[in-house]
Amino acid sequence: MAETESHGPDRVSEAVDVLIIGAGFSGLYQLHRLRQRGFDVRLFEAGADLGGIWYWNCYPGARVDSHAPNYEFSMEELWRDWSWTERFPAWDELRRYFRHVDEKLGLSRDIRFNSRVTAARFDAGAGQWEIECADGHRSRTRFLVACTGFAAKAYVPDLPGRESFAGPCFHTAHWPQDGLDMTGLRVGVIGTGASGVQVIQEAGRIASHLTVFQRTPNLALPMKQQALDEPSQRAMKIRYPDWFRLRALSTAGLFDLVADDRSALEVSPGERLAVFESAWQKGGFHFWVGTFSDILRNKEANQLAYEFWREKTRARIKDPVVAEKLAPSASPHPFGTKRPSLEQWYYEVFNQDNVTLVDLREEPISEITPTGVRTASRHYALDILVLATGFDAATGGLTQIDIRGISGRTLKDTWSTGVRTYLGLAIPDFPNLFMLYGPQAPTAFCNGPTCAELQGEWIVDCLRHVRDRGLTRIEASETAGESWTQHLADLAATTLLPFADSWYMGANVPGKPRQLLHYLGLQEYLAFCRESAENGYSGFELR
Ligand SMILES: Cc1cc2nc3c(=O)[nH]c(=O)nc-3n(C[C@H](O)[C@H](O)[C@H](O)COP(=O)(O)OP(=O)(O)OC[C@H]3O[C@@H](n4cnc5c(N)ncnc54)[C@H](O)[C@@H]3O)c2cc1C
């Protein structure tokens, strides 16, 4: 099938085989692999460049939490002559990496940039999706693969007077592409999630005064950043094939992150301390998911991890009142059930004279004024206001598109009482639509590029299966959707995750149904995907 470009808002082009939405790791992998398999593919991207979240999240300090070389594609043609300058690279280095990928694979020629998909309707008669972009461009495709990521829709809480703020005010995910200089200015940051921690560290160094508005303390972990050079990476590359193989077999998509099989409660206090300390010294996510197997499942084990974290963290904070707010005596939620961020000098920032920590549980924000933020206690004067308030994660990027399946009902309506997918890959009533890094898949519990490749391969194989048998339609069955959703609920109940008001549970956005949105356990998840494929795509109706 060949596509012809449409040249007016009302012209509908001929259909391509596959249309991909999103030019991050997931979409680019799909584009490359599906093209290799002979599909006629196009990709629509809302941003002006490649990179996915690294295009949008260009705020000061934005960097990955997955250490090199985990956060890259595993294809040798891509890593052979690519080197990182840091163990945890920043957004601008990621952008350079995506340019390198593009040069190697020639992806841009099939990408339409500045193309935000606003609507997708399934035409049951033709067995095709009709796609519409914000600029009026329309096209058709047999299969639609949504690689919109989990963070495509920023969440901004309802803050009275927000529009009245006279200075620059940006959500971290909508940071100006040409930057924003905070030097010598009074900066306020609302939110202390992953982006908050990163921007706070940078603002603390250059702002005349930094005011941090915290609702929930971030139980952040030391990143242990390291500079990397080319010779050392050249030596490491001998092991890359093994590392990438291990990455695909791991629990969280990170090759060297392996939890001890034992319970934290079955070892002696000395042994436990040694395991905790060793993980702590390694830095990164090791202390989160690389200690004992029951940290996220057993309250008592979890409490031990929290106490270890609290003692380590408090030792870095000078003022005991501030220390109690940042690392409270009682854990604000089970450790690790909200995503711990990686930090470099976060806690030291609060020892500086030019930094104020405002505890929003004690003094909630009453309004944003033209000159700052007013809380129940006082007014904080600001020149710049940063909204590090997170995302309508996992579902928001999809439900903001007017997607309609066979019944004509929108995805937003369909999920208004709760997400229901099969394998986090497909949705009953929405045939020929696949998602990557979406809800009810490992997503936030899995390293991005790992999922892009593993889920990605499953989709490529599935589409080949359908095409090679002369079929045109594949749809997740209602019962498969029901049972997968029940499985996620059962899985959640075996963990401590439901005890936190986290975005993992959809609990950061008022009115969003509370349910586990990410699958904990990459290998268990992949086994289900394999089983379906090996049984001729059980759980799907094909015709
Ligand atoms: C600040 C931040 C830091 C992160 N750090 C890490 C990390 O260290 N390790 C990790 O594993 N994961 C991290 N993540 C998760 C990250 O989302 C994944 O690693 C990875 O980006 C997933 O790639 P993706 O292609 O699935 O989605 P994304 O990178 O999110 O790309 C989705 C793309 O889809 C586009 N898009 C969305 N909707 C539309 C539409 N309607 N029309 C057209 N285009 C659309 C977007 O513009 C975007 O370019 C981080 C996320 C954020 C927000």
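1. Let's start with alanine 444, which is buried at a relative accessible area of 12% (buried means under 20% relative accessible area, exposed over 50% and partly exposed in between, with a 1.4 Å probe and protein chains only). Alanine 444 sits in the loop between strand 18 (433-435) and helix 15. Helices (H or I, at least four residues) and strands (E, at least two) are DSSP runs numbered from the N terminus. Leaving aside neighbours within four places in sequence, alanine 444 is in contact with Phe150, Trp503, Tyr504 and His518 (contact means heavy atoms within 4.5 Å). Its C-alpha is separated by 9.5 Å from that of alanine 393, 51 residues apart along the chain.

2. A word on the model before going further. It is predicted, so local features need pLDDT of at least 70 and side-chain atom pairs count only at pLDDT 80 or more, while totals for chains, interfaces and linings use all residues. Residues are numbered from 1 along each chain as its sequence is written, and side-chain values use heavy atoms, with hydrogens and water left out.

3. Now the core. The largest nonpolar core has 125 residues, and those with the most contacts inside it are Leu210, Phe287, Trp309, Phe335, Phe350, Trp458 and Phe540. (A nonpolar core is a set of buried Ala, Val, Leu, Ile, Met, Phe, Trp, Tyr and Cys residues joined through side-chain atoms within 4.5 Å.) Helix 15 (residues 448-468) gives the most to this core, with eight residues. Apart from it lies another core, of 24 residues, with Ile21, Phe122, Ala146 and Leu398 among them. In soluble globular proteins, nonpolar side chains tend to be buried together.

4. Helix 15 deserves a look of its own. Of its 21 residues, 15 are buried, so helix 15 is largely enclosed by the rest of the structure. From first C-alpha to last, helix 15 reaches 29 Å, close to the 30 Å expected at 1.5 Å a residue (the expected span is 1.5 Å times one less than the number of residues). Glycine 470 follows helix 15 and has a positive phi, near 70°.

5. Which residues does leucine 210 contact, leaving aside its neighbours within four places in sequence? They are Val187, Val189, Ile200, Ala203, Gly204, Val349, Asn354, Val355 and Thr356. Leucine 210 is placed in strand 9 (residues 209-214) and is buried, with a relative accessible area of 0%.

6. Tryptophan 309 belongs with helix 10 (residues 299-314), where the buried residues include Ala305, Tyr306, Phe308 and Trp309. What covers the buried residues of helix 10 includes strand 10 (221-222), helix 8 (269-282), helix 9 (286-289), helix 11 (320-326) and helix 12 (346-349). Neighbours within four places aside, the contacts of tryptophan 309 include Leu221, Trp280, Phe287, Leu326 and Tyr347.

7. Helix 1 (residues 25-36) packs with helix 4 (residues 91-105) at an angle of about 5°, their axes 12 Å apart. That makes helix 1 roughly parallel to helix 4. Axes are lines fitted to C-alpha atoms, for helices over the stretch in contact, and angles run from 0 to 180 degrees between N-to-C directions; those under 35 degrees count as roughly parallel, over 145 as roughly antiparallel, 65 to 115 as roughly perpendicular and the rest as oblique. Phe25, Leu28, His32 and Arg35 in helix 1 meet Leu94, Tyr97, Phe98 and Leu105 in helix 4. Helix 1 is mostly covered, with 11 of its 12 residues buried. Just after helix 1, glycine 38 takes a positive phi of about 85°.

8. I would also draw your eye to the loop between helix 2 (53-56) and helix 3 (76-79), which holds asparagine 70. The peptide bond from alanine 68 to proline 69 is cis, with omega near 0°, and proline 69 lies in the loop between helix 2 and helix 3. Asparagine 70 is buried at a relative accessible area of 0%. Beyond four places in sequence, the contacts of asparagine 70 include Arg247, Phe255, Asp256, Asn447 and Pro449.

9. Asparagine 432 has a positive phi near 55° although it is a residue other than glycine, and at 0% relative accessibility asparagine 432 counts as buried. Tyrosine 537, not a glycine, has a positive phi of about 65°. Tyrosine 537 lies in the loop between helix 17 (522-534) and strand 20 (540-542), and counts as buried at 5% relative accessibility.
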